[in-house]
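Colleague: I would like to learn how to read pairing and packing in a model. Could we take the features one by one?

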Amino acid sequence: MANLPLENNDDFAIRTEKLCRDFGKVEAVKNLHLQVKRGELFGLVGPDGAGKTTTMRMLAGILDPTSGSAWVDGISIVDDPEGIKEHLAYMPQRFGLYQDLTVMENLIFYADLFRVPKKLRAGRIETLFGFSRLGPFKDRLAGALSGGMKQKLGLACALIHSPRVLLLDEPTNGVDPVSRRDFWKILYELLKEGISILVSTAYLDEAERTNRVGLMHQGRLVQLGEPRALKSMLKGITMELIPSDPAKTRTLLRNMPGLLDVNIFGGGLHVRIPDKSTGEAILKRLEAEAIEVRSFRRIVPSMEDAFLYLIPRGQEEDKSGVSAE
Amino acid sequence: MNIYRTLAVSRKEARQIIRDSRSLYLALGIPVLLMILFGYALSLDVNDIPVAVWDQDRSPQSREFLDQLTGSGYFRMVFRTENYKKIVQAIDDNTITLGITLPHDFSEKLKKGRPTTIQALVDGSDSTRAGIAIEYLKVIIATFESDVKLAELNRQAVLARVRQPVDPRIRLLYNPELVSRNNIVPGLIAIIMMVIAALLTSLTIVRERETGTMEQLISTPVKPNELIVGKLIPYFALGYVDLVMVYLMGEYVFRVPFRGSLLLMFAASGVFLIGALSIGFLVSVVAKNQFFATQFALLATFLPTFLLSGFVFPISNMPDVIQSITYIVPARHLITILRAIYLKGAGIEIIAFPLFMLVVLGFLVSSIAVRKLKKKIQ
């Protein structure tokens, strides 16, 4: 989609057009077309080095694009990078708050920077403490919080000025599962208030919780769609196979004709096959090789299955960047 | 520039300074330590020069000369010898700076009114000290000489007492005892404040960048000048505490007389402090990491300040090119101001030019720091 229809910018919380960023010879982001609707929870998924953080930073106005442009809340990040900062909240991947200040001091500092009116503060902080449950820890130094609590504080500080657009760069990286679930609950609450959210993640189970997902790979948007739609792109049947020797089984099956995909998943394998007869062929083959099969059953494919299918294996180049919309 | 955001940055920075107690102790302790080290070590006064004497004459005249030498307070007799080699050896192993040999016909020639000689061997390895020792020695010899002449004249003229025709009466203004410490301490205050101030701020920006807080900070609407001025305020207060401490040390530890206006001294030092802190900011904005920032701040302030401020080497003796370079060294101007206020009790009209230069330099450096501080990821 080279020529984007000239829609009203205001329909989109975020819109990028041919956005590129190089670091020397490395093209971190290549020709990115991305559109996040107002009130949408958009997930940017991809392996490390896919260009997610670079994209986030450009959208936050703290990194200049090499070429192309982007608008956040209708304001150009190229022409007015400071203008977007008033209504935007950006939470970097690395904890960006002051570890030697208390929870409350961090919140007040950010409230001051965004010039949140004094009379609104008490109510807003109460709301933020309500969902983050940071209230009891308000006098604790940020550095003494747990990983999950730190992320919630980061989010609370980001939300202190009631932003219209929220950029979250791998917010749940290194956070325990319970805190992750809590964190996503908060995001849904924010969505109800009409905030548009762009969240990047390397966790594919999290990508499934978004309204739409963009798969990034080597600086490009490779696929885009609702999580269910992406998963439905998987052809065939997805089977979970738990053999006695997963590594050997994988090598064996990779060389077997008729299989769509074989990937290691936890202690077993996910095998995608075109029909049931291939499944029987697999079992026979494994029996012949004296590999014990502990379990072999059909499963609903996960985002990860879709992801591994949609991102080209190895370092070979994929086709030109697929645009959103 | 928004005053509330600026003050928010100040409050946050002040909290961090107070909570980082180790750095705070260093910030307050180092100036005192430097003051003690330099104040005592950097004395340019030459006293008690160790001397060895070979008095070949052993006459009342030779003894009188030696009494004048040691009685002056500048020279201290270490040993007498009958051996020339011992004198040379003592100079070699640093036990004496000066070796004096009085010839065996010293008194005889004096009595006959014929010129005699005094041999002085001086250790020239420390040229300043050697030069001063020679000057002292010349004065003592000249005094001795005129005493001898007067005594001779008085002996010849039976009736009238002869006086010295010219009796020089030199009065030193401003530092009557020529105590070099009185000159050193004001200069020392300037040097210490320069180095400490630049070190204080050299970490502030680069530390935020290294710990990752900068990334969050620059995503807010805060402006570069709000950040710099906001951070400057608490460090200015801290620098001022240092300033008062080193001033009090000059007053009560080194007993340097203070003749001028305290208000003027602290006002001028305050202007200087802003420039010095801004140099630290500039280093911090440009530096890639904290280690580089401290090293560079130390080097960039200490060397030019020490060499080009007129603290040790008089600026008037420098080549013209170097002299003009000294104008961009803030400490040069502060030293001029402090010496004028401390020793001469100078008023604002005397120090107007160096003060003006401090204002210009402070404004220039802080503007460059603000300009260089980009709200972008490096």
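Colleague: Which residue is the bridge partner of A:T16 in strand 2 of chain A?

Modeller: A:L34 is that partner. Keep in mind that this is a predicted model. The pairing of strand 1 (residues 12-23) with strand 2, both of chain A, is antiparallel and runs over 8 bridges.

Colleague: What is the strand order of the open sheet in chain A?

Modeller: The order is 2-1-4-5, 4 strands with antiparallel pairing. Strand 2 (26-37) and strand 5 (75-76) of chain A each have a single partner strand, so they stand at the edges and one side of each lacks a neighbour in the sheet.

Colleague: Now the packing. Which residues touch the most other members of the largest nonpolar core?

Modeller: A:V72, A:L167 and B:M193 do, in a core of 152 residues. Helix 7 of chain B (residues 180-202) gives the most to this core, 15 residues. A separate second core has 20 residues, including B:F75, B:I87, B:F106 and B:L110.

Colleague: Leaving aside neighbours within four places in sequence, what is B:M193 in contact with?

Modeller: Its contacts are B:G239, B:D242, B:L243, B:S269, B:F272, B:L273 and B:A276.

Colleague: Which spans of chain B does UniProt list as "transmembrane region"?

Modeller: The unreviewed UniProt entry lists residues 24-42, 184-206, 227-250, 262-284, 296-315 and 350-370. In the model, residues 227-250 of chain B are 100% helix, with end C-alpha atoms 35 Å apart. Residues 262-284 of chain B are also 100% helix, and their end C-alpha atoms lie 32 Å apart.

Technical notes. Residues are numbered from 1 along each chain as its sequence is written. Chains are lettered from A and ligands numbered from 1 in the order in which they are written. This is a predicted model: local features need pLDDT of at least 70, side-chain atom pairs count only at pLDDT 80 or more; totals for chains, interfaces and linings use all residues. A nonpolar core is a set of buried Ala, Val, Leu, Ile, Met, Phe, Trp, Tyr and Cys residues joined through C-beta atoms within 7 Å. A residue is buried if 20 or more other C-beta atoms lie within 10 Å of its own, exposed if 12 or fewer, and partly exposed in between; C-beta atoms are placed from the backbone. Helices (H or I, at least four residues) and strands (E, at least two) are DSSP runs, numbered from the N terminus. Two residues are in contact if their C-beta atoms, placed from the backbone, lie within 7 Å. UniProt positions are given in the numbering used here, feature names are shortened, and annotations may be inferred rather than shown by experiment. Two strands pair if DSSP finds at least two bridges between them.
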